[in-house]
Amino acid sequence: MLELILKQLFVDAFKKLYGQEPPAQNVSFQKTRAEFEGDVTIVVFPFAKLAGKAPESLADEIGTEMMRISSFIAKFNVVKGFLNLLISDSYWIDFMQKNHQNEYFGRKEVSGRPVVVEYSSPNTNKPLHLGHIRNNLLGWSVSEILKANGENVVRVNLVNDRGIHICKSMIAWQKWGDGCTPESTGKKGDHLIGDFYVMFDKHFKEEVKSLLPANYDELDDDAKEKAKAEAENASPLMQETREMLRKWEAGDKEVRELWEMMNNWVYQGFDVTYKRLGVSFDKIYYESQTYLLGKSTVMDGLKKGVLYQRDDNSVWCDLRDEGLDEKLLLRRDGTSVYMTQDLGTAQLRYDEFHPKKLIYVVGNEQNYHFDVLKRVLVRLGFEWGNDIEHLSYGMVELPSGKMKSREGTVVDADDLMDEMVATAKNVSEELGKAHGLTDEEANKLYHIIGLGALKYFILKVDPKKTMLFDPKESIDFNGNTGSFIQYTHARICSVLRKADEAGIKAGDTVDVESILPEEKALLTNIHTWPSVLEQAATNRSPAMIANYIYDLCKGFNQFYQECTILKEQDERRRVFRLQLAAMTARLLRNAGDLLGMQMPERM
């Protein structure tokens, strides 16, 4: 906004003075350093040769001409090759007038070809856990940020509902489940199936241990590894599981019925968790419905000679000439691997949406997988494979270490949300934040604070970074937390309520002739929102939104400490500050929506 205006002013002034048109893309801006007067600084060094002037002289002449042709520049000063511009109050007042009631400030109209964003991608052998929470929150938030920037977003989920891991839970339920159901146990379906997955691993490890040679402890490391692999392969439990997978792919009626029953239990559990977490999807794909297309695509590639088959009948793609390895696409028994179904799913999505981008929100341990996926698709003749983007994110760790699903050491998503709400309740009651609320209002507030703290704590970290999550640190009404953001919003709402009760109306018109430094500091922060929103979309980073609203809240609280609002004697300035407060609250709500955070009006 402002930078575009200044860029054009700079270009116009340069042409008038030197008869040359400077490349507009080389006009760069910085925030003026605190020790110099100004709001924005233009670096003029890149243009000195074109103008035939020393940088300091060039900056002085350009500053004079820009002031002459625009009332938006109040003053300027030059420090070597840096042109510091002080923007006039009239610009800020005009900006305020145009935007202080704009519900869509910073947002763009949605148009163009779709952008498909895949996130969540759970397995139906276990409930959602803390790692899934980061995935879901990141995928949902990035989708919302892209929509706010005018992208036509389609949010999709691929449920991994088939494969050897699913069969492990099924085998365990057959052997040790005694016909139990979610209803008979009182457990959510995804939790129940997760218990059987852990149970399988426990029995499998015991069985493998019993199959190891008597002298196992005396073997060297290589021999131990070989003996363990042989024992795992010989395990009757694992053999039963592999046989079940073969029956499933052959369409065995009994196996398919058991599979459908257990998966439906899981889906019902997932739905409860998704709703509570506040995420949703426009379409859900299932691996069981996409892997066959993937197998067909692989066989077509084999016929074309793009892929090759080994003597054991397994099918591979040789990517060694691109600096990668050989990639298995079909096992020797004809069963598919993850890559197989990803090929099929990608093709389905392209055929259905013809997107300009296919964004996969998946952890960084799959970086190689998605590099291979793109290259295999292009090898198979699908040039749109180059439009695949892997939004890679770091793992979530706990103070106690990494999580392992097979061993049952994960932090369950439902349990974590319960803990967050309970922590919010304890902290809020200690600080008296729920004073005067009914039980229903208080419980709703605890939920908003608890889930807001969880979402903000996770999303404020750059997606690429591994993060350490500590629930106790996430709820603090004074730090860089969701609770601090929410409390600031509630504080503003309290001011607006008191104004309403006193009959003070914010009004439609901004009626001041000048603004004070404290007012300007908050207004300039608000002014940068469209730029932050664009950068967050470009970088696929909700962290930029989170850190922006934290700075905005700090800025408002500073303004609130230094400037009276309701007790201001000048009526026009009182109304202006009320408008500024309302604009801040609206922006906090809109930005919070992009993170999935609700903003309470009372705390």
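Reader: What share of contacts between residues at least 6 apart in sequence join residues at least 24 apart?

Author: Look at the sequence separation of each contact. In this predicted model, the share is 74%.

Reader: How many helices and strands does the protein chain have?

Author: Count the elements. The chain has 22 helices and 14 strands. Its C-alpha trace spans about 85 × 65 × 50 Å along the principal axes.

Reader: What part of the residues counts as buried?

Author: Burial is judged by relative accessible area, with under 20% as the cut-off. Here 52% of the 603 residues count as buried. The accessible surface is about 28300 Å², and carbon and sulfur atoms hold 47% of that area.

Reader: Is His 165 buried or exposed?

Author: Buried, because its relative accessibility is 11% and the limit is 20%. His 165 sits in helix α6, residues 164–176. Leaving aside residues up to four places away in sequence, His 165 touches Asn 123, Asn 125, Asn 160, Tyr 197 and Tyr 338.

Reader: Now charge. How many positive and negative side chains are there?

Author: There are 77 positive and 91 negative ones. The centres of the two sets lie 2 Å apart.

Reader: Which residues gather in a patch of negative charge on the surface?

Author: Asp 220, Asp 221, Asp 222 and Glu 225 do. Take Asp 222, which belongs to helix α9, residues 221–234.

Reader: Why does Asp 222 count as exposed?

Author: Because its relative accessible area is 63%, and exposed means over 50%.

Terms used: Residues numbered from 1 in each chain as written. Predicted model: local features only at pLDDT ≥ 70, side-chain atom pairs only at ≥ 80, totals over all residues. Heavy atoms only, no water. Patch = residues over 30% accessible without salt bridge, like charges linked within 9 Å, V, L, I, M, F, W, Y side chains within 5 Å. Areas by Shrake-Rupley, 256 points an atom, 1.4 Å probe, with all protein chains shown as cover. Salt bridge = Lys/Arg side-chain N within 4 Å of Asp/Glu carboxyl O. Lys, Arg positive; Asp, Glu negative; His and termini not counted. Charge placed at Lys NZ, Arg CZ, Asp CG, Glu CD. Helix = DSSP H or I, 4+ residues; strand = E, 2+ residues; numbered from the N terminus. Buried < 20%, exposed > 50% of the residue type's maximum accessible area, 1.4 Å probe, protein only. Contact = heavy atoms within 4.5 Å.
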